[in-house]
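This report walks through a model with two chains. Start with the sheets, then follow single strands, a helix and the contact.

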Amino acid sequence: MSAPAASPTVRVRHNRVELALHRLRGDDGAGGAGGAGAGRAGAGRALLHLHGLGERSPEAVPDRLASWPGPVWALDFTGHGASSLPAGGGYFCEVLMADTDAALAHLGAATIYGRGLGGYVALLIAGSRPDLVRGAVIDDGPGLTGGGTEPTTPFVLSQPLTTTGTPDPYALLELSQDVRPPDYASTYARQAATLSGLDVALAVSAVVRPPWLAAVAREPGARELSVAEALALFAAV
Amino acid sequence: MPPDEVVTHPGARAPERTRTVDAHGVRIAVHEWGDAGDPPLALAHGGFDFARTFDVFAPLLAEAGWRVVSWDQRGHGDSDHAALYSWEADVRDTVTVLDSLGRDPLPVVGHSKGGAVTLQLAASLPHRVSRLVNLDGLPSRRNWPDVPDHQRTKMLAGDLASWLDHRRGAAEAVRKPGTIDELAARRARMNPRLSREWLRYLVTVGARHDPDGWRWKIDPSLRLGGFGPWRPEWAMARLPGLTAPLLAVVGMQPEQMGWATPPVDVEISLPSGGRLELMDDVGHFVHIEQPRRVADLVLDFLGDPR
């Protein structure tokens, strides 16, 4: 079956937000893009790209993901890229995890590659949907560090930010301050490892190691791998 | 359909004025009791409550000479249902309400989650708060059951999957309709210590009457409980360095909506001159169970409005 001529971007709904889910590489042999069987099973499993803070999905498969044998999709988070822009902020990483879950509702089981903030979100969804996430790769990118391991006195705006489009300035403000305690991250890594049935559930490819990621890298279900090694490992799952 | 039943409650008074403010694109409903010329006092409600849960408490403060200003937090009461919810957003919405009252520091009173949000406000914008009253809104410890780690992993995974399932259906979620008595009975599960008469009254001010019955106005995508990296001890860490004088009132009778905070946790973190009042025979909703007693504590702490 050949890929349908439909638009390569699918709109998926997450509560009041419309998310843009982009197909970067066709879905041949897996039931057609957007079909009920899309992205499931064996070599046809989808790789889902999650961008970093303030970024948007790439327009083509990035070079470092070129070795992935199956379809490649990319999600724009709430307030980013072609996804809708909510009023008045209120961002936190778990809501982006639910954005990702909305994409998984469309794709079925997938391997996830995340840059920066997207890498942290990849960890969260791997721990929360261990039956759907077939390996997560955490790579460098904007928003990898987050707002440290405990809260500082927060800077609260009394003046509205000027919003002219995506990325939403409230997303940049709030998601660069979100607190990421190492033991919280470890909990998700442990869930991914024990509940996914995978020997290796998480690949730590990022060079930069904020405390949350250093803790994840120490978990038995995580391996330090290059992106190419990680994709080869997860493609064989 | 019969005409709307009018439910009254002793001492309950509707706000004298209502208006809205635009909080960065989210419309926030503001409710005021007392003379518009009196000095303002801000009053923040708790999670799953709404400003009109102060219909008995607020008039007691207003009668003493305060312009009592409360508001429905985003997603609650008559305010907009938003796409996103967080405490940081609630703090920012609070600042928008305060901005509508001028730039002078003013007394701020918050119950439960409203207490935690206004504590964060007072810690991050000390120039906006003259005195802070916290009504059973000081979480100090996690109320996790004592279970082995591997069991906790499974339990948390179940909570997370359940939350994600809820998010998948949130776009289509609607609140279940019912009669006044049915909604009051449902709320009694969250408010077991409050009288049925009061809960029936709350239905008529916190729910809307659709053709098929009454529905709570609160956004159906909101869900009780939560998870995330947040730790209760982070709230307590804001106490010792507070600028504004503090009165903390803790209800000692444990109940589901409360924090079960041991007094010793508050005592060791009280800022200099801070006052702690323990109410032994009272649950989490201190100002609803004992409006006169709590109002007198607050009025004494705030002093003469003029």
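Two strands pair if DSSP finds at least two bridges between them. Strands (E, at least two residues) and helices (H or I, at least four) are DSSP runs, numbered from the N terminus. The model is predicted: local features need pLDDT of at least 70, side-chain atom pairs count only at pLDDT 80 or more, and totals for chains, interfaces and linings use all residues. Residues are numbered from 1 along each chain as its sequence is written, and chains are lettered from A and ligands numbered from 1 in the order in which they are written.

**The sheet of chain B**

Chain B has an open sheet of 8 strands. The order is β1-β2-β4-β3-β5-β6-β9-β10, and the pairing is mixed. At the edges lie β1 (17-23) and β10 (275-279) of chain B, each pairing on one side only. Neighbouring strands are turned by 20° against each other on average, direction ignored. Such angles use axes, which are lines fitted to C-alpha atoms (for helices over the stretch in contact), and run from 0 to 180 degrees between N-to-C directions.

Strands of a sheet pair through backbone hydrogen bonds, either parallel or antiparallel. The table lists some pairs from both chains.

| Strands | Sense | Bridges | Facing residues |
|---|---|---|---|
| β2(B) (26-33) and β4(B) | antiparallel | 4 | Glu32(B) and Val69(B) |
| β3(B) (40-44) and β4(B) | parallel | 4 | Leu43(B) and Ser70(B) |
| β9(B) (246-251) and β10(B) | parallel | 5 | Val250(B) and Leu278(B) |
| β7(B) (207-210) and β8(B) (213-216) | antiparallel | 4 | Ala207(B) and Trp216(B) |
| β6(A) (133-139) and β7(A) (202-204) | parallel | 3 | Ile138(A) and Val204(A) |

A hairpin through 2 residues joins β7(B) to β8(B).

**Strand β4 of chain B**

Is β4(B) buried or exposed? A residue is buried if 20 or more other C-beta atoms, placed from the backbone, lie within 10 Å of its own, exposed if 12 or fewer, and partly exposed in between. In β4(B) (residues 67-71), 5 of the 5 residues are buried, so the strand is largely enclosed by the rest of the structure. Arg67(B), Val69(B) and Trp71(B) point one way, while Val68(B) and Ser70(B) point the other way. In a regular strand the side chains alternate between the two faces of the sheet.

β4(B) also belongs to a right-handed β-α-β unit, together with β3(B) and helix α1 (residues 57-63) of chain B. Right-handed means that, with the strands pointing away from the viewer, the path from the first strand over the helix to the second runs clockwise.

**Chain A**

Chain A also has an open sheet of 8 strands with mixed pairing, in the order β1-β2-β4-β3-β5-β6-β7-β8. Its edge strands are β1 and β8 (222-224) of chain A. The twist averages 25° from one strand to the next.

Helix α4(A) has 15 residues. From first C-alpha to last, α4(A) reaches 21 Å, close to the 21 Å expected at 1.5 Å a residue. That expected span is 1.5 Å times one less than the number of residues. Buried residues of α4(A) include Tyr188(A), Arg190(A) and Leu195(A). Just after α4(A), Gly197(A) takes a positive phi of about 75°.

**Where the chains touch**

Two residues are in contact if their C-beta atoms, placed from the backbone, lie within 7 Å. The contact takes 39 residues from chain A and 33 residues from chain B. On the chain A side, β1 (9-14), α1 (93-107) and α4 (182-196) each supply at least two residues. By class, this side has 19 nonpolar, 11 polar and 9 charged residues. Ala, Val, Leu, Ile, Met, Phe, Trp, Tyr, Cys and Pro count as nonpolar, Asp, Glu, Lys and Arg as charged, and the others, Gly among them, as polar.
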